[in-house]
Amino acid sequence: MSGKPKLYYFDGRGKMESIRWLLAAAGVEFEEEFLETRDQYEKLLQGGSLLFQQVPMVEMDGMKMVQTRAILSYIAAKYNLYGKDLKERALIDMYVGGTDDLMGFILMFPFLSAEDKEKQRAFIVQKATSRYFPVYEKVLKDHGQDFLVGNNFSWADVHLLEAILMVEEKKSDVLSDFPRLQAFKARISSIPTIKKFLEPGSQRKPVPDDKYVETVRRVLRMYYDVKAN
């Protein structure tokens, strides 16, 4: 396959949103096919495209890639967002892994009951401010550089900005005690490719709504209730 990468997922954030972010950060244009029916999903399954019977899937460079982390690692390496050596790559992996843990608390938020959402909102903010944001605040303080790793823009920076904005949707002043992260947010948001992705009309997805939740439940046949942490 040649041309633009093609993304197969729902018309919403979910696990695909970080892939959109990273492609956008690299300045790569991409196309999307949104799953809206069970038949679309089963067609991908029957065609053997979904190796582990899951989306996201990305068609790129002649491959049909699944597993979010593998897709992200490939994109980061291809577009020089994965550090200059193994040590930097290890740091990027550590920071991305930590950010992933935080984002995991948010991923299923739209599928919770109203009561559980309030509990989860408090849980997310508590974890962000006590476990995750202090780590990145200290990293930026200790090395005094503009970026998390090697003073070069990397996947780790993209992922952290995405997470910060997601947590701010739960509590707008969540960075009030983290001045370096405030400056980091402003700095990374001003990078031209990121700035473009943050503008209205981009392929960045909005906060998941009821329509998104209903579509995911229908296509994946999610008949159970998700519980808060």
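Predicted model: local features only at pLDDT ≥ 70, side-chain atom pairs only at ≥ 80, totals over all residues.

User: Good. How many salt bridges does the structure hold?

Analyst: There are 22 salt bridges in the structure.

User: Let's start with D142. What does D142 pair with?

Analyst: D142 makes a salt bridge with K138, and their closest N and O atoms sit 2.6 Å apart. Both residues belong to helix α5, with a spacing of four residues, or about one turn of the helix.

User: And are D142 and K138 buried or exposed?

Analyst: Both D142 and K138 are exposed.

User: OK, back to helix α5. What about E137, who's the partner there?

Analyst: The E137 side chain meets that of R180 in a salt bridge, at 3.9 Å from N to O. This pair links distant parts of the chain: R180 is in helix α7 (residues 179-189) and E137 is in helix α5 (residues 114-143), 43 residues apart.

User: Where do R180 and E137 stand on accessibility?

Analyst: R180 has 36% relative accessibility, so R180 counts as partly exposed. E137 has 10%, so E137 counts as buried.

User: Why do side chains like these pair up at all?

Analyst: Side chains of opposite charge can pair when their charged atoms come close.

User: Switching topic: which domains does UniProt list?

Analyst: The UniProt record, an unreviewed entry, places "domain: GST N-terminal" at residues 3-83. It also puts "domain: GST C-terminal" (unreviewed entry too) at residues 85-209.

User: How much helix and strand is there over residues 3-83?

Analyst: Residues 3-83 come out at 36% helix and 20% strand, with the end C-alpha atoms 26 Å apart.

User: And over residues 85-209?

Analyst: There the chain is 67% helix and 0% strand, and the end C-alpha atoms are 41 Å apart.

User: Last one: what does K84 form a salt bridge with?

Analyst: K84 forms one with D85, where the closest N and O atoms are 3.9 Å apart. UniProt's "domain: GST C-terminal" feature covers residues 85-209.

User: How accessible are K84 and D85?

Analyst: K84 is exposed because its relative accessible area is 65%. D85 has 33%, so D85 is partly exposed.

Methods. Residues numbered from 1 in each chain as written. Heavy atoms only, no water. UniProt positions renumbered as here; feature names shortened; annotations may be inferred. Helix = DSSP H or I, 4+ residues; strand = E, 2+ residues; numbered from the N terminus. Salt bridge = Lys/Arg side-chain N within 4 Å of Asp/Glu carboxyl O. Buried < 20%, exposed > 50% of the residue type's maximum accessible area, 1.4 Å probe, protein only.
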